[in-house]
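Work through the exercises below with the sequence and structure open. Try each task before reading its solution.

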There are 2 protein chains.
Amino acid sequence: MSPTHTGVTAAPAALDPCGREEHPDCAIRDVLDRVGDKWSVLVVVELAGGPRRFRELQRAIDGISQRMLTLTVRRLERDGLVLRTVYPTVPAQVDYRLTETGASLTHLVRALADWSLTHRDAIAEARHRYDRAHPDHGIR
Amino acid sequence: MSPTHTGVTAAPAALDPCGREEHPDCAIRDVLDRVGDKWSVLVVVELAGGPRRFRELQRAIDGISQRMLTLTVRRLERDGLVLRTVYPTVPAQVDYRLTETGASLTHLVRALADWSLTHRDAIAEARHRYDRAHPDHGIR
DNA sequence: CTGTATCCGGAAAGATACTG
DNA sequence: CAGTATCTTTCCGGATACAG
């Protein structure tokens, strides 16, 4: 029961989000680095509704720049989450759709959204309380 | 069936990860901004194993700086995911533990980890294929 | 021990112009 | 339409010093 949990069963092990805890590269970090950036999830969410063309994505996502959309879909393509199809028409036409792997991500996204919806009010309250208690704290 | 899905039922709506699609502030983005940063998840993961003191967290997380740990736990505290308790001993002693809300996050984290474990090989392969096909592409 | 306060370098993001 | 190429700005994260 020592606070430094020297006993084998004293402290429950933390979650092991990694395949092998010996391994330094954490599995969770992998997902997060892939999905945790500003735009990837929104692209996946949009593509969950079916194939979309470049401009459709850009219009749907609101606020994303051409550059960021390009980078985002490229990364998703590279990771095998999104399939990019070019039709040799003129002007060029490209569509993006989720692969099997990418589609399996929508479950996670939905779980994320559910959690967020469930707790957003509690979180907003907590923030207000904190901000009132610590007026000039520069936390973002 | 037109590619621009002008029909009402032509294209399945994308996932709605937001409470009200009218609302601009997306729920998912909220979670992601909170949880998608470099360290928050690792802190939550560690705290899932029980309360930890500042130094314990820092030692456990490996690579995190004092500054980043402070910022991370402060944000988590502000959002009501982590409870910070100060014991007026000398030297000061502080412990952090998950709140109810914070604990509920561990489910998501586990889901994230599971997904990652399941697909990491496929993703690694996809990357190698992509990188072989597009040798000098500067994608990260 | 548990932080706060600065400073700084580099990566990410945004804006914009241009091309096939 | 679907990008690429640049340039600029912003901000995250590390290092360090110091304080309660």
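This is a predicted model: local features need pLDDT of at least 70, side-chain atom pairs count only at pLDDT 80 or more; totals for chains, interfaces and linings use all residues.

**Exercise 1.** Find the element that gives the most to the surface near DNA strand C.

Solution. Then take the whole set. In total, 17 residues surround DNA strand C. The closest are K38(A), R55(B), T70(B), R84(B) and Y96(B). Finally, sort the surface by class: seven residues are nonpolar, three polar and seven charged.

**Exercise 2.** Identify side chains that come close to a base nitrogen of DNA strand C, and give the distances.

Solution. Take chain A. An N or O atom in the side chain of Q66(A) is 3.4 Å from a base nitrogen. For R67(A), a polar side-chain atom lies 3.0 Å from a base nitrogen. Now chain B. The side chain of Q66(B) places an N or O atom 3.2 Å from a base nitrogen.

**Exercise 3.** Decide whether D95(A) is buried or exposed, then describe its surroundings.

Solution. Locate D95(A) in strand β3 (residues 93–98) of chain A. Its relative accessibility is 8%. Buried means under 20%, so D95(A) counts as buried. Its side chain makes a polar contact with the side chain of R97(A), at 3.1 Å. Beyond neighbours within four places in sequence, D95(A) contacts P51(A), R52(A), R53(A), L83(A), R84(A), T85(A) and Y87(A).

Technical notes. Residues are numbered from 1 along each chain as its sequence is written. Chains are lettered from A and ligands numbered from 1 in the order in which they are written. Side-chain values use heavy atoms; hydrogens and water are left out. A residue is near a molecule or strand if one of its heavy atoms lies within 4 Å of it. A polar contact is a pair of N or O atoms within 3.5 Å; within protein, one must be able to donate a hydrogen and the other to accept it, and residues adjacent in sequence count only if both atoms are side-chain atoms. Helices (H or I, at least four residues) and strands (E, at least two) are DSSP runs, numbered from the N terminus. Ala, Val, Leu, Ile, Met, Phe, Trp, Tyr, Cys and Pro count as nonpolar, Asp, Glu, Lys and Arg as charged, and the others, Gly among them, as polar. Buried means under 20% relative accessible area, exposed over 50%, partly exposed in between (1.4 Å probe, protein chains only). Contact means heavy atoms within 4.5 Å.
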